[in-house]
Every structure is written in structure tokens, then in C-alpha cells.
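Visitor: Can you walk me through this model? I'd like a pocket and a helix pair.
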Amino acid sequence: MKISHKLILGFLGIASLTGGIGAISVHQQSQTAKYLARQEAEEVAILLGYFTNHELEDEQPRSRTEILSHLQNHVLALHKQRQCDLEIVDRNKIILADVVTEDIGTQLEDDTNNEVGQTIQDGITRTYIETNSEHPKGIYLITVPFKNSHGETIGAVILEYTPLYKAAMAVAQKSIVATSIISLVCGVLALIAGFLISRNISNPIKQLQQAVLNLAEGKLDTRVTIHSQDEIGELATSFNTMAYDLQKSRSELLDANEQLQNEITERQQAEAELQQTLQHLQKTQAQLIQTEKISSLGQLVAGIAHEINNPVNFIHGNLTYIKEYVESLIGFVQLYQKHYPNPVLEIQAEAENIELEFLQEDLWKIVDSMNMGTSRIREIVRSLRNFSRMDEAEYKAVDIHEGIDSTLLILHHRLQAKGKLPAIELIREYGNLPLIECYAGQLNQVFMNLLANAIDAVEEANTKRSNQQIKDNPSRITIRTSLIDSQWVQIAIADTGTGIPETARHNLFNPFFTTKPVNKGTGMGLSISYQIITETHHGKLEYVSTPGEGTEFIIQIPIHQKVLTAV
């Protein structure tokens with residue numbers, strides 16, 4: 001609530017209080033007038049009652065007629081003096097004396113509420129208003145008991161004090177009018193004073209309030225006009241001083257803030273450059289470590305392949321001679337059996353002991369199996385040597401399919417069934433591709449990363465699927481190669497894994513980002529693969545993923561590296 005409203009309400013309260021006090025005073029004066037009229041009437045009635053009792057108990061022998069006549073004279077005299085009606089009744093409410101002579105000796109009728117009867121019964125004085133056809137507005141009456149010398153109520157005096165009441169009220173009316181006028185004038189003066197004081201106080205305060213609002217909005221040049229030297233004037237002076245100090249401080253603060261902002265901008269730029277350098281160093285370090293690991297793996301694989309290849313070649317080369325020797329020995333044995341069908345018992349026993357016939361049949365199978373095994377080992381060694389070409393520092397035209405197959409050969413054990421997890425079906429859909437100019441070792445590294453991720457995704461999906469779900473949606477990795485046009489080839493690796501979450505897609509190719517558990521992924525595989533495809537081979541690496549169904553990574557690279565724009 002505003003101060004002006006509070007002041008006006010305060011003075012309105014004072015005015016209301018003044019009016020209330022005036023009203024109470026008027027009411028009190030009216031009650032006082034009534035009380036005085038009643039007291040005077042009661043005194044007259046008591047006096048008449050005392051006289052009546054004295055007359056009735058007078059010791060001088062007098063007739064009842066004389067006594068009543070004497071009472072009647074007193075009543076008429078009092079009526080003439082006081083100008084008020086009165087009457088005296090006995091215990092049975094028989095009128096003993098009355099202003100109206102004709103009513104003497106009759107029963108009192110004007111006692112509608114039995115006020116006189118109750119006074120005679122309990123001896124208590126009562127005042128009341130009686131209304132009848134002659135007095136529709138009512139007359140003021142008082143009934144006072146009178147008693148004998150033994151304290152018994154023997155009758156009552158009934159006195160009309162309407163004239164006394166009207167006279168008292170006429171006297172009090174002047175005082176009531178004066179009091180009402182004074183109260184009204186005081187209330188009006190209080191309201192006028194409240195309005196004037198509130199305006200003189202609230203206007204400067206409103207001006208000061210508006211100035212404070214302007215100051216809060218940043219208008220520091222706001223000043224207040226000083227109209228007086230009182231407390232409000234001192235407050236306005238303090239406000240102007242504060243506004244000036246704030247304006248000065250703000251100017252200094254803006255200058256300091258601008259300088260600080262420049263320093264912060266420079267520092268942020270330096271920190272951004274440092275952060276970028278640090279990220280580049282971390283990325284380079286991680287790539288170097290990963291490259292070193294792959295290079296070491298390639299060297300290890302190449303060394304193992306070389307060490308295995310020498311004895312395998314020795315064994316594979318000697319298998320040709322073993323086959324010839326076996327053929328010669330078996331031919332010799334068969335020739336001996338032809339010319340000597342019945343050898344000595346010792347030779348027959350030894351032939352049965354060594355199962356000569358079974359040995360002749362199975363020996364060829366063993367030789368063929370050994371030849372097949374050495375051929376398989378030589379194929380594995382060749383694949384390992386193809387995959388391990390990490391130290392080749394220039395582009396070479398290679399068979400992409402050969403690199404994919406070499407990678408699959410290394411990951412072959414991960415495609416097999418493990419415990420309750422089923423085997424992963426591998427589907428090759430190779431197109432007719434020419435030789436591709438590329439860094440074969442680095443491209444094999446990309447195949448390794450993508451295929452290993454595909455196997456991880458399929459295995460994770462299998463752990464979350466029921467046997468029926470796995471049966472309905474078999475575990476599968478599909479590799480498709482195709483020509484886009486005469487200049488570009490495409491390699492797509494699709495899996496039936498868990499898919500890539502929406503929250504991970506924006507950071508998928510960022511260094512050190514991984515969705516795999518701790519100690520299972522470094523977050524560098526896809527980042528390095530993306531760099532190898534886009535920067536080293538000027539190609540594109542994209543993906544399409546559906547959560548819960550699988551992911552397909554799509555590689556596009558030029559056939560010849562002189563083409564530098566991707567499709």
C-alpha cells in the first residue's frame with residue numbers, strides 16, 4: 001500500500017474516531033436526559049407514595065371518604081404544579097385518586113403489560129411506555145410501590161413523566177446538535193489535513209521512487225529535485241550523491257570490464273589454441289601408438305609367416321617324393337604278393353599284424369591329407385603376409401578382396417560358436433573389381449576395425465536375444481563390394497548387431513569416444529579408420545544404423561588416387 005493511502009487511511013481513521021466519539025457523546029447525553037427525567041419523576045412518585053401511606057395510616061379517626069378526598073386534592077394539586085397525569089391504586093389496582101375524577105373507584109385498565117401489577121407484587125419501581133388510542137406515540141410512565149409500616153406493599157403510584165422527558169430532551173438537544181456539528185467539522189478537517197499532508201509527503205516520495213526505478217534500469221544520470229530541507233530533502237540529497245557515485249563507479253567498472261574482457265578473450269584464444277594442440281597431440285599420440293601396434297603386429301605376423309613358411313615349404317616339397325616312394329613301395333608289395341601268394345607263416349603273421357591291406361588303402365589318404373594340410377598352411381601364411389604389409393610407404397595396386405579375405409582369416413576364430421552363442425554367418429557378395437591404388441596395410445587395418453566392431457555388435461546382440469529371436473534373425477555379417485562408376489569402388493560391411501544409439505552418432509568418429517565397456521575399446525578404431533579413408537585415400541566413410549536391427553558401414557574410395565573428389 002502506498003504511503004499516501006496509508007496517511008489518508010490514518011486520518012480517515014481519526015475522522016471516524018472523532019465521529020464515533022461524537023456519536024457516543026450524543027447517545028450519552030440522550031441517556032443522561034432520560035435518566036434525569038426518570039429520576040425526577042421517581043422522586044415525585046416516591047414522595048406521593050410516602051404521603052399516601054401517611055394519609056392511610058394517620059392515627060386521627062377519619063372516614064375513608066375523607067382520606068380519599070384528601071388524597072384527591074393532593075393529586076390535583078400536584079397535577080396542576082407539574083403538568084403531569086398521575087393516579088394512586090391499591091393492592092387490587094382499584095383507583096384511589098386520579099386526575100380524572102370519574103375513574104376513582106374503578107379498576108385500572110391501562111396496564112397492558114401488567115407493569116403495575118408486577119410492581120405491587122415484587123415492590124420494584126418500573127418505568128415503561130404505554131400506547132393506546134389516545135396516545136399512539138406512547139407516554140412515559142413510572143410506577144412506584146408504597147408500603148405500610150409493616151413493610152407490606154399496599155398499592156402503587158402511577159406517574160406520567162412525558163412532559164419531564166420532553167423538557168429534558170429539549171435541553172439536551174442543543175448540546176447534541178453542537179456535539180454533532182463539532183464532530184463533523186473535526187472529521188472533515190482531519191480528512192482535509194490528511195489529504196494535504198499525504199500529498200506533500202507522497203509527491204516527493206513518488207518522485208524519489210521513480211528515480212530509484214530509473215536507477216535500477218541503468219539510467220545512472222537520474223537526479224531528484226530537492227524541494228525541502230527536511231528528512232525527505234536529506235534523503236533526496238543522499239540519493240543524488242549515490243547516483244553520482246554509481247555513475248562514476250559504473251564508468252570505471254566498464255573500463256575495467258572492457259580491459260578484462262580483452263584479456264579473457266586473449267586467454268581464451270590461447271587456451272583454445274593450446275587445447276586444439278593438446279587434442280592434436282593426443283590424437284597423434286594415439287594414432288602413433290595404434291600404428292605402432294599394428295606395425296609391430298605386422299612385423300610379428302610377417303616374421304611368424306616367414307618362419308612357418310620355410311618348414312612348410314620343405315614339407316610340402318618333400319610330399320611329392322614321399323608320394324612317389326609310397327607308390328613304388330606299394331607297387332613292390334603288390335608285385336611280391338602276385339608272385340608269392342603263399343609266403344612263410346612269419347610273413348603272413350606280420351602282414352596280419354600291421355593290417356597290410358588297410359595300410360595300403362589308408363596310406364594314400366594320409367599323404368593326400370598331409371598335402372591338403374600343407375596347402376592350407378601355405379594359404380594362411382600367404383594371407384598373413386598380405387595383411388602384414390604395414391611398412392609399405394607408397395600406393396600400390398592391390399586386390400581389395402584379397403585384403404578382406406586376409407583379415408577374415410585372422411578373425412576366423414571369432415566367427416565360430418562360443419558356448420551358448422551361435423556361430424556368425426559370413427556372407428561375401430564380391431563384385432568384379434579392378435586393382436585399387438591404396439596403402440594396402442592401412443586399408444587392411446580399416447577392414448580389421450570395422451569387422452571386429454561388427455563381430456562385437458553381433459555378440460552383444462546375441463546376449464540380449466532369446467534363442468527364438470536368434471533363430472528368426474540369424475547372426476550374420478555381410479560384405480558387399482561393387483563399382484560405383486569407372487572411377488570409384490564401394491565396400492559395405494553390414495551386421496545384425498545392436499545398432500548405434502542416437503546419442504552416440506554425433507561423436508562416433510571422434511578420438512577416444514567409445515560405447516564399449518571399460519578395457520574393451522580405446523575409442524580410436526573408427527577415428528583412425530575415418531582418417532585413413534578420408535585423408536589418406538581421399539574417400540568417404542559413412543554408416544546407416546537402425547537401433548536393435550544392425551549397422552552398415554560404407555567405404556567409398558577412388559580406384560586411382562589422382563581422383564580427389566568423392567561421389
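This is a predicted model: local features need pLDDT of at least 70, side-chain atom pairs count only at pLDDT 80 or more; totals for chains, interfaces and linings use all residues.

Visitor: How much space lies in the second largest pocket?
Guide: About 540 Å³. A pocket is an open set of points on a 1 Å grid over the protein atoms alone, where a 1.4 Å probe fits, with protein on both sides within 12 Å along at least five of seven lines. The volume is the space filled by probe spheres set on the points, which are joined across faces, edges and corners.

Visitor: Which residues lie nearest its centre?
Guide: Glu 87, Asp 98, Val 100, Asp 103 and Asp 110, out of 23 lining residues. Lining means an atom within 4 Å of a point.

Visitor: Which element gives the largest share of that lining?
Guide: Strand β5, with three residues. Strands are DSSP runs of E, at least two residues, and helices are runs of H or I, at least four, numbered from the N terminus.

Visitor: Now the helices. How do α8 and α9 cross?
Guide: The axes of α8 (400-410) and α9 (440-464) come within 9 Å and cross at roughly 45°. Axes are lines fitted to C-alpha atoms over the stretch in contact, and angles run from 0 to 180 degrees between N-to-C directions.

Visitor: Who makes the contact on the α8 side?
Guide: Ile 400, Gly 403, Ile 404, Thr 407, Leu 408 and Ile 410. Contact means heavy atoms within 4.5 Å.

Notes
Residues are numbered from 1 along each chain as its sequence is written. Side-chain values use heavy atoms; hydrogens and water are left out.
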